[in-house]
Amino acid sequence: MNQQPGATADPASRANLNDDIGEALRLRMYRMQVELREAEQRAFDLFLQNLVKGTSHLSLGQEAVATGFAAAMRPRDLSFCTYRGHAHTLARGVPVEKVLGELMQRDNGLMRGKGGSMHLTSVDHGVMGSYAIIGAHLPIACGAALRAQYKGQDDVSVCFFGDGTTNIGAFHEALNFAAVYKLPVVFVCENNLYMEYTPIGEVTAVKHPAADRAAAYGLERIIIDGNDADAVYRTARDAYARARAGDGPSLIECLTYRHSGHSRADPAKYRPEGELEKWKERDPIKIYRARLKQFGIGDDVMAKIDAEVKAMIDAATEACKKAPNPPADILTTDVYADGGWAWRN
Amino acid sequence: MAELTYRDAVARGIAQEMARDPDVIFIGEDVGKAGGVFKATVGLYEKFGPKRVRDTPISEQAILGAAMGAAMTGLKPIAEIMFSDFFAVCFDYIANEFPKSRYMSNGQLKCPLVVRTGNGAGSRFGAQHSQSIENWAMMIPGLKVVAPSTPRDVIGLMAAAVRDPDPVIFFEHKSLYPVKGEVPDGEIVDTLGTARIVRPGKDATIMALALMVPRALAAADKLKTEHGIDCEVIDVRSLVPLDTQTILGSVGRTHRLFTVEENPRLCGWGAEIVSIVADEAFYDLDGPPVRITTPHVPLPAADILEDMILPTVDRIADTVRRSLSA
């Protein structure tokens with residue numbers, strides 16, 4: 001394992017933890033991580049019941065990345081996600097019911113079943129799409145940032161992707177493009193050690209797939225513990241501040257691990273024995289519970305949050321089960337901006 | 001009224017829209033300070049400055065991706081892909097991203113942008129810098145596709161494309177850049193989805209696009225002069241939306257249909273038009289519809305070979321004459 005728990009293993013006093021985050025935000029980040037965990041676990045359970053159709057790519061184990069980056073955003077900041085985007089979508093405040101509804105391909109889904117698990121989008125929450133072609137959204141995030149720069153608006157475009165994305169051309173085109181024009185965009189690589197089924201190290205010329213490429217674009221080499229929401233939050237906050245100040249893009253490599261396979265079809269048997277268990281010791285929620293305890297927050301407070309989240313997800317699940325299927329009349333809507341699909345007169 | 005080249009019409013069309021709307025920006029390789037490799041965008045950088053006219057790296061994916069991101073958040077970008085053949089290196093945006101974002105998001109995302117590109121043969125550049133790829137774009141639900149044949153249409157359709165709320169692929173024909181035409185003074189705004197009857201006639205309908213329009217017109221003149229055959233020539237102009245009413249109306253009068261296509265034969269745009277006419281106007285036809293196309297081969301570089309492979313005035317005229325006398 002190429003990372004250590006860091007501050008989380010240190011039973012030091014609160015003072016050593018640099019409490020620039022505060023209790024209210026920490027409780028919000030705890031609640032969010034629990035929500036992401038429970039929602040993804042629920043999606044998996046519903047898949048086993050054949051109620052989630054198509055594919056799904058879960059972020060189990062990667063909750064701290066989505067939580068920390070979203071928590072540091074302003075409402076007008078924009079998220080660009082991959083097909084592993086449920087967590088990033090929920091972290092912007094999209095209701096669980098809307099996401100589960102889309103995964104279950106019901107009419108109450110975020111896009112009424114027209115997009116599916118890999119394309120979650122909620123413009124009202126700043127989620128400008130989830131992109132299922134590897135690397136496609138990095139240039140798109142650059143364009144949103146170009147607009148902000150051109151119009152003098154201070155929002156930041158935040159683009160999430162996996163370690164595998166660092167080996168596709170669009171990654172390199174986007175990094176160069178963003179650096180040349182000093183665009184207010186933050187590129188976030190969630191290095192979960194596997195590109196689909198293959199260890200990223202076997203197919204990448206450098207050890208750190210994102211960070212070791214940063215120098216090629218004149219960017220700082222940034223590697224963080226992606227399982228510690230506090231570390232993620234602080235890194236995000238600093239990167240957003242640089243972007244807003246006109247100091248250009250950042251590329252951040254977050255070390256993390258997915259507890260499940262690449263997609264629902266993958267039992268992840270390629271992982272060496274004991275690896276998952278080792279990473280589960282560094283489960284982001286486990287780390288954060290210990291963190292909250294260090295700040296004097298009791299088990300009862302956390303148990304209450306856990307129960308509230310579970311009840312909310314239970315209610316969302318029931319609502320989705322009751323929701324109708326999408327109607328046929330949306331098949332041909334919104335192909336063009338006039339709302340329809342007419343290609344001829 | 002002034003005489004303008006097709007090349008200068010491109011710059012005038014873009015300038016007209018940039019002057020009108022500060023949200024219009026223009027990005028591409030060598031488009032700014034150099035004025036474009038075909039000199040079709042000379043003067044825009046000087047007039048609108050580096051923030052609005054941006055020279056980019058050779059990064060076609062970044063160009064189109066950035067145009068999309070800017071479009072979905074409030075700008076109206078015009079992006080240049082220097083040669084249409086290069087669509088192949090950024091086809092994800094053209095096929096998967098621009099045209100599907102609105103649908104997949106159930107109408108939440110918008111993508112009002114224009115991709116303009118140098119299309120077509122005649123420059124002796126060989127198989128990777130000469131193709132007519134309008135059929136690559138036409139086949140994708142969610143895109144709009146236009147290909148002007150005159151300087152006036154360049155300006156008018158550019159304005160229509162920039163003002164349109166959907167992604168529009170704008171094919172400029174490289175061999176038309178030096179061609180001159182009359183252009184009215186003042187603002188010109190055309191309408192997407194409208195074909196134009198550029199020569200009325202009663203004996204046959206010839207549909208053509210871009211560089212094939214002047215060839216179809218020359219063939220029609222030849223057929224009239226040499227054989228007394230009176231052809232109607234229609235400039236298709238817009239492949240999507242497609243003005244089928246003008247096409248069906250013409251076939252209803254002439255009872256014969258010919259398409260003149262620069263794209264290679266398989267799945268060329270004319271195949272769709274023939275299919276529509278067969279479905280909806282079969283009993284108007286006095287003979288089989290005939291497609292005159294480039295054969296299904298890559299394009300050669302040598303001038304003598306390239307000139308042989310595209311539909312020529314003589315081939316169009318001979319094909320129409322033989323078909324009508326058969």
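Modeller: Questions and answers on this predicted model follow.

Colleague: How far does helix H11 of chain B reach from its first C-alpha to its last?

Modeller: H11(B) covers residues 313–325, which is 13 residues. At 1.5 Å a residue, a span of 18 Å is expected. The model comes close to that, and the reach from first to last C-alpha is 18 Å.

Colleague: Within what arc do the buried residues of H11(B) fall, seen down its axis?

Modeller: Ile316(B), Ala317(B) and Val320(B) are the buried residues here. An α-helix has 3.6 residues a turn, so residues three or four places apart point the same way. In H11(B) the buried residues line one face of the helix, because they fall within an arc of 95°.

Colleague: Which residues are exposed on the other side of H11(B)?

Modeller: The buried residues pack against strands S10, S11, S13 and S14 and helix H7 of chain B. On the other side, the exposed residues are Asp314(B), Arg322(B) and Ser325(B).

Colleague: Which residue is the bridge partner of Val260(B) in S14(B)?

Modeller: S13(B) and S14(B) belong, with helix H9 of chain B, to a right-handed β-α-β unit. The two strands pair in the parallel sense over 5 bridges. In S14(B), where 4 of 5 residues are buried, the partner of Val260(B) is Ile292(B).

Colleague: Which element gives the most to the side of chain B that touches chain A?

Modeller: The contact takes 40 residues from chain B and 35 from chain A. On the chain B side, the elements giving two or more residues are helices H3, H4 and H8. With 9 residues, the one that gives the most is H3(B).

Colleague: How many residues on that side of chain B are nonpolar, polar and charged?

Modeller: The side in question is the one that touches chain A, to which chain B gives 40 residues. These divide into 17 nonpolar, 16 polar and 7 charged.

Colleague: Is Glu190(A) buried or exposed?

Modeller: Glu190(A) is found in strand S4 of chain A, residues 185–191. Leaving out residues up to four places away in sequence, its contacts are Gln62(A), Val65(A), Phe160(A), Gly162(A), Gly226(A), Cys254(A) and Thr256(A). A residue counts as buried if 20 or more other C-beta atoms lie within 10 Å of its own. Glu190(A) has 27 other C-beta atoms within 10 Å, so Glu190(A) is buried.

Notes:
Residues are numbered from 1 along each chain as its sequence is written. Chains are lettered from A and ligands numbered from 1 in the order in which they are written. This is a predicted model: local features need pLDDT of at least 70, side-chain atom pairs count only at pLDDT 80 or more; totals for chains, interfaces and linings use all residues. The expected span of a helix is 1.5 Å times one less than its number of residues. A residue is buried if 20 or more other C-beta atoms lie within 10 Å of its own, exposed if 12 or fewer, and partly exposed in between; C-beta atoms are placed from the backbone. The arc is that of the directions from the helix axis to the C-beta atoms. Two residues are in contact if their C-beta atoms, placed from the backbone, lie within 7 Å. Ala, Val, Leu, Ile, Met, Phe, Trp, Tyr, Cys and Pro count as nonpolar, Asp, Glu, Lys and Arg as charged, and the others, Gly among them, as polar. Two strands pair if DSSP finds at least two bridges between them. A crossover is right-handed if, with the strands pointing away from the viewer, the path from the first strand over the helix to the second runs clockwise.
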